[in-house]
Amino acid sequence: MSATIPAQFTGQAALKKQDPKNFDLHETKYTPRAFTEEDVIIKIDACGVCGTDLHVMTCGWGEHDQFPAITGHEIVGHVVRAGKNSTHAVGDRVGVGAQGASCGECVNCKNHEEPYCIKGWVGTYQGPTGDAVQPYTQGGYADYYQGPGHFAVKIPDGIPSEVAAPLLCAGVTVYAPLSYYGAKAGKKVGIIGIGGLGHLGVQFAKALGAEVYAISHSDRKRADAATLGATGFINTHDGAEKVLAEHAASFDMILSTSDQDDMPLNDLYLPLLKARGQFISVGLPNDGLPRMGWSLLGKTVTGSLIGSPKEIEDMFKLAVESNIRPWIETRPMSEATQTVNDMYAGKAKFRYVLVN
Ligand SMILES: [Zn+2]
Ligand SMILES: [Zn+2]
C-alpha cells in the first residue's frame, strides 16, 4: 500500500507573506516528518477554506517566517497508511480539523479537552513537529496529509466528503459551545454573524431544539437565515434602542462568530441576555472584547476554541440525524489561489471547499 504513497506531498503553498489583495499560491512539494505508529496518512478528497488560513498566510496574527505555508484544516479523505497505534485502518474515511496534535498528558487532554492542551498544542498546519526536515506541519490544500490518528475522526456514511469538510472546523467551533452551554428546547439563542460559522450555528442551535435568532448588521442575510431555520432576525443596524425595545433581557445565550472590533457588547449584546445568560465568543476581534462594566453583572461572558475529537464525533452524529449541511461551493484544488482571493473578497456563500 505504501508503495503508492509518494515520498513528497504536493500542496498549494503561500511562498511568502501574502498580500490580502492578491493571494498567490504555488504548487509546492514537501517531505512530511518521519512517520510514527500513532500516525495516519490521508489521501485528501476535500478541504474547506477557513478564515484562519487567510490570517496565517497574511501574518494577520503576527509575523512569522514559516513559509512555504500550506494551509487548510477542514480535511476529509481516505486513510492510505495507518500506524499500529492509530485505531484507523487503510480505507477508512476520516476528517481532521484545526488541531493536529496535543500533548495527550496534561489535565485538559486527559479530560477530552484537547483544544485547551496546556503543553503541546499543534495546529494542523504551522504547528511544531520537532523534525529537522519538516519543522512545522503542513495542511490540507494538498494531495496528502499526515498526522496522529487520534485527531482523525471517522466520517459517517451518507455525508459526502466535500460537505463534511467545513464541519471539521467551522461546524465544531459552533457546535461545541452550543452543546456544552446547553442550547436546547425552551432556550432562546442568538447567533451573531451569518457566514461560514454562523450559518452552521443557526442549524446546530435549531437541531438542539432552541429557538434561534440570527443577528446581523444588515438585512442582506435575512432570507438565508429563514431558510437555515432561524425563527427570527435582528438587524443591529436598526440601533440598540429599537432592538432592545423588542428583545431586551429575552435571550438565554448569544453566540458570536464576529471578529468585528468595537462590537456593541455593553450597549446591545449583554442587555439582550436574561439574568444568568451567556455570551460566548468564538471569534476574537484583534483588539479583544470591549471593556465591560455594569453590563456584565448577572451575565457570563466566555470564549470557545474549536472542538475535541470527541465533540467532532458527537457533532457528526447530530449532523446526520438532523440533516445539517453546510452551504458550499466546490472548486478544484488547483484553483486555490482564485478561491482564497474570492474568500477574502467575501464572496463565499458560505464555504468554499477545494476538491481533488
Ligand atoms: Zn478553521
Ligand atoms: Zn495536553
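**Close-up views of a predicted model**

**View 1. A network of salt bridges joins four charged residues.** Glu-329, Arg-331, Asp-342 and Lys-347 are connected to one another through a network of salt bridges, a salt bridge being a side-chain nitrogen of Lys or Arg within 4 Å of a carboxyl oxygen of Asp or Glu. Across the whole structure, the search finds 14 salt bridges. This is a predicted model, in which local features need pLDDT of at least 70 and side-chain atom pairs count only at pLDDT 80 or more, whereas totals for chains, interfaces and linings use all residues. Residues are numbered from 1 along each chain as its sequence is written, chains are lettered from A and ligands numbered from 1 in the order in which they are written, and side-chain values use heavy atoms, with hydrogens and water left out.

**View 2. Glu-63 and Lys-17 form a salt bridge.** The closest N and O atoms of this pair are 2.8 Å apart. The two residues link distant parts of the chain, with Glu-63 in the loop between α1 (51-57) and β4 (75-82) and Lys-17 in the loop between β1 (9-14) and β2 (25-30), 46 residues apart; helices (H or I, at least four residues) and strands (E, at least two) are DSSP runs, numbered from the N terminus. Glu-63 is exposed, with a relative accessible area of 61%, while Lys-17, at 41%, is partly exposed (buried means under 20% relative accessible area, exposed over 50%, and partly exposed in between, with a 1.4 Å probe and protein chains only).

**View 3. Asp-92 and Lys-154 form a salt bridge.** Here the closest N and O atoms are 3.5 Å apart. Asp-92 lies in the loop between β4 and β5 (93-96) and Lys-154 in strand β9 (residues 152-154), so the pair ties together parts that are 62 residues apart in sequence. Asp-92 is buried, with a relative accessible area of 16%, whereas Lys-154 counts as partly exposed at 48%.

**View 4. Four cysteines coordinate the zinc ion (ligand 2).** The coordinating atoms are the SG atoms of Cys-103, Cys-106, Cys-109 and Cys-117, at 2.3 to 2.4 Å (donors are N, O and S atoms within 2.8 Å of the metal, or 3.2 Å for Na, K and Ca; water is not among the atoms, so sites may look incomplete). Along the chain, the donors follow the spacing C-x2-C-x2-C-x7-C. Two of these residues, Cys-106 and Cys-117, are both buried.
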